[in-house]
Amino acid sequence: MNSWSAIFWLLVLVIIFYVGFKVVPIYYRGMIGIRAVCQENADIYHKYGQGYITTNIAESLEDMGIPPDKRQFGITKGKDAVYVSIYYHDRANFEDYYVKDFEFNYQCEGVLKSVYE
């Protein structure tokens with residue numbers, strides 16, 4: 001009886017690690033990664049401009065492991081602020097038995113001038 005219990009808990013741990021291995025990277029990129037890239041680029045927009053920011057966002061997302069076909073981003077200038085939005089979607093496939101889609105969308109705001117009068 002004791003060996004069946006050990007096998008059961010070992011199987012539960014293996015399943016938890018397998019699911020975590022598939023899902024945690026997606027959540028990390030979606031919850032923490034795109035927020036950091038968004039806020040960083042919104043904050044430096046006033047210093048470098050739109051061309052640099054567009055390139056920097058694309059490179060940062062690529063370095064993070066988000067390919068171009070799974071992301072969209074936009075830069076919008078307002079009267080006193082710049083708005084950067086990043087959309088990321090990914091899919092976790094568990095051996096074609098269960099497929100879960102994830103979508104993350106984040107928008108942040110930065111200033112257009114570093115010194116206000």
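Trainee: Why is V19 called partly exposed?

Mentor: This is a predicted model, and in this model V19 has a relative accessible area of 34%. Buried means under 20% and exposed means over 50%, with partly exposed in between. The value of 34% lies between those limits, so V19 is partly exposed.

Trainee: Where is the place of V19?

Mentor: V19 sits in helix α1, and this helix covers residues 2–43.

Trainee: What makes the nonpolar surface patch that includes V19?

Mentor: L11, I15, Y18 and V19 make the patch, which has an area of about 340 Å². To join a patch, a residue needs over 30% relative accessible area. With 34%, V19 passes that limit, so V19 can be counted in.

Trainee: Thanks, that helps! Let's turn to charged side chains. How do you know that E62 and R71 meet in a salt bridge?

Mentor: Their side chains come to 3.4 Å, N to O. The cut-off is within 4 Å, so the pair counts as a salt bridge. The structure holds four salt bridges.

Trainee: What does E62 count as, buried or partly exposed?

Mentor: E62 has 40% relative accessibility. That value is between 20% and 50%, so E62 counts as partly exposed.

Trainee: And why does R71 count as buried?

Mentor: R71 has 12% relative accessibility, and buried means under 20%, so R71 counts as buried.

Trainee: What makes D90 and K70 a salt bridge?

Mentor: Here the side chains meet at 2.8 Å, N to O. The limit is within 4 Å, so this pair counts too. D90 is in strand β2 and K70 is in the loop between α3 and β1, so the pair, 20 residues apart, links distant parts of the chain.

Trainee: How do D90 and K70 count, as buried or as partly exposed?

Mentor: D90, at 8% relative accessibility, falls under 20%, so D90 counts as buried. K70, at 26%, lies between 20% and 50%, so K70 counts as partly exposed.

Trainee: Now for the strands. How do you know that β1 and β2 pair?

Mentor: Pairing needs at least two bridges, and β1 (residues 71–77) and β2 (residues 81–94) have seven, so they pair, in the antiparallel sense. In one of these bridges, G74 has S85 in β2 as its partner. For I75, the bridge partner in β2 is V84. A hairpin of three residues joins β1 to β2.

Trainee: What order do the strands of the open sheet have?

Mentor: The sheet has three strands in the order β1-β2-β3, with antiparallel pairing.

Trainee: Why are β1 and β3 called edge strands?

Mentor: Each of them pairs on one side only. Strand β3 covers residues 98–111. From one strand to the next, the twist averages 10°.

Trainee: Which helices lie across these strands?

Mentor: Helix α1 lies across β2 and β3, and runs at about 170° to β2. Helix α3 (residues 50–64) lies across β1 and β2, and runs at about 155° to β1.

Methods:
Residues numbered from 1 in each chain as written. Predicted model: local features only at pLDDT ≥ 70, side-chain atom pairs only at ≥ 80, totals over all residues. Heavy atoms only, no water. Helix = DSSP H or I, 4+ residues; strand = E, 2+ residues; numbered from the N terminus. Axes fitted to C-alpha atoms, helices over the stretch in contact; angles between N-to-C directions. Contact = heavy atoms within 4.5 Å. Patch = residues over 30% accessible without salt bridge, like charges linked within 9 Å, V, L, I, M, F, W, Y side chains within 5 Å. Areas by Shrake-Rupley, 256 points an atom, 1.4 Å probe, with all protein chains shown as cover. Buried < 20%, exposed > 50% of the residue type's maximum accessible area, 1.4 Å probe, protein only.
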